[in-house]
Amino acid sequence: MPRPTGHRPPPRPANPPGVPARLAALRLLDAVLRRGLAIEQALDASTQGLAPSDRGLAHAIAAEALRRLVDLDDLIDSATRNRLPDDAKARFVLRIALVQALRLGTPPHAAISTALPLVDGGPRKLVHGVFGTLMRQNAVLTDPPALPGDVYARIAGNWGERVADAACAAIAAPPPLDLTLRGGASAEGESLLPGHVRVAAGTSIPEHEGFAEGDWWVQDIAASLPARLIGSGSGRALDLCAAPGGKTLQLAAAGWDVTAVDASESRLARLHENLERTGLSATVIAADLLKWEPGFEADAVLLDAPCSATGIFRRHPDVLHRVRPRLIAEMAELQAQLLPRAARWVRPGGLMVYATCSLEPEEGEQQIERFLADHPGFAIDPILPDELPEGIPAHPRGWLRTLPGMLADHGGLDGFFMVRLMRVAA
């Protein structure tokens, strides 16, 4: 039956302010948990069209939900008669609402009012009911957070339960920021090594003193150690898998004639920006290292190899949920191809530093033991105590393994493996 002339359906209530940021957070969680993407990979597409403040909020919600995912799911399961499937939209929306109310200081009414528009029909009623039940129960998230069971078991199996427990503590909050200082520059904060300063998490980088002048760049202290192991020099250095470029900047600032190579042109864009900001120079090449050749032998080669990145979970909690044994095995196979290629480019008497931001022995200790067995022309140049922050010991074999729990009283550091090798024969 036709409607009477002039009749209009009642307008749909407008979404409360803040819903677009929560929708972006939902997309980020979906990208990580269902599609296996890194949160940084998904950030631009998931937050397209948002103001910078809403983009930051979406990232903060998703990242905190990933830090607390195991405990959030335990709460949700405690308030439902039948367990929600892991990929149920209602579970995703509840994670977003609960983490805001329980961790990010969002008033519960605002957390739920901006979450409900993300889900329709029966699931909407379910989300509202579960959230209300947990709020009435004064639900809390435990500290430290729990790791996913398989991740805890893998870390404990490789390094012991004490390190796995330290990893739980390490994901409780975003870590502090480390700055690598250029030359004689200085900055306010805690210094754990010459040329290093640590500042609080959440520091506004572009507004921090010395940024515009190019006095420093952001780089976790563990990530700064591989270039420190090469030291200063005036010869030719190769920085392989160079993006986003902190190690290139270190080598250039130390006097080297640097050629920086990476397969990702988009990630190299930040390196170009930092070179311009700092006034440092390097030759930057976008190329696949399995196909590219330098055409010269270098005095120093830094291979910061592609890896599973399980050591950087403090800043990138997505790795706790998307990295599986298959990816670790694939990365180890790629490293086994790159290491001998990089070794060919080191002149006799030259240095090569191999590093990965991984907690997996397959990508570190085992990789180097196999390489040395197959390449007798290389030997470990042992890392010395005065090259490291106090309290970080080198391994008796001469390499370095950084683990959760180290420097815990100072804010911790990322998990890395690194070794300095010398080409002792042609």
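Is Val-258 buried or exposed? At 1% relative accessibility, Val-258 counts as buried (under 20% relative accessible area; exposed is over 50%, partly exposed in between; 1.4 Å probe, protein chains only). The model is predicted, with local features needing pLDDT of at least 70 and side-chain atom pairs pLDDT 80 or more, while totals for chains, interfaces and linings use all residues. Residues are numbered from 1 along each chain as its sequence is written, and side-chain values use heavy atoms, without hydrogens and water.

**View 1. The whole protein chain.** The secondary structure comes to 15 helices and eleven strands. Helices (H or I, at least four residues) and strands (E, at least two) are DSSP runs, numbered from the N terminus. Along the principal axes, the C-alpha atoms fill a box of roughly 90 × 45 × 45 Å. Buried residues make up 52% of the 426. Of the contacts (heavy atoms within 4.5 Å) with a separation of 6 or more, 70% join residues 24 or more positions apart.

**View 2. Val-258 in strand β5.** Val-258 sits in β5, residues 257-262. Leaving out residues up to four places away in sequence, Val-258 touches Ala-237, Asp-239, Thr-248, Leu-251, Ala-252, Ala-282 and Thr-283. Arg-83 is 175 residues away along the chain, and its C-alpha atom is 55 Å from that of Val-258.

**View 3. Helix α1 against helix α3.** Helices α1 (residues 19-33) and α3 (residues 52-67) pack at about 45 degrees, with axes 8 Å apart. Axes are lines fitted to C-alpha atoms, for helices over the stretch in contact, and angles run from 0 to 180 degrees between N-to-C directions. The pair is therefore oblique: under 35 degrees counts as roughly parallel, over 145 as roughly antiparallel, 65 to 115 as roughly perpendicular, and the rest as oblique. Residues of α1 in the contact include Ala-21, Leu-28 and Val-32. From α3, they include Leu-57, Ile-61 and Leu-66. The contact residues divide into 13 nonpolar, one polar and two charged. Here Ala, Val, Leu, Ile, Met, Phe, Trp, Tyr, Cys and Pro count as nonpolar, Asp, Glu, Lys and Arg as charged, and the others, Gly among them, as polar.

View 4. In α9 (residues 161-170), Val-163, Ala-164, Ala-166, Ala-167, Cys-168 and Ala-170 are buried. Their cover includes α8 (149-159). Ala-169, also in α9, is partly exposed at 46%. Ala-408 lies in the loop between β10 (400-402) and β11 (416-423). Ala-408 is exposed, at 52%. Ala-408 and Ala-166 are 242 residues apart in sequence but 8.5 Å apart in space, C-alpha to C-alpha.

View 5. Most residues other than glycine have a negative phi, and most peptide bonds are trans. The bond from Asp-143 to Pro-144 is cis, with omega near -5 degrees. Pro-144 lies in the loop between α7 (121-136) and α8. Ala-243 to Pro-244 is also cis, with omega near 5 degrees. Pro-244 lies between β4 (236-240) and α11 (246-253). Ala-309 has a positive phi, near 65 degrees, and is buried at 12% relative accessibility. Leu-407 has a positive phi of about 55 degrees and is buried at 9%.
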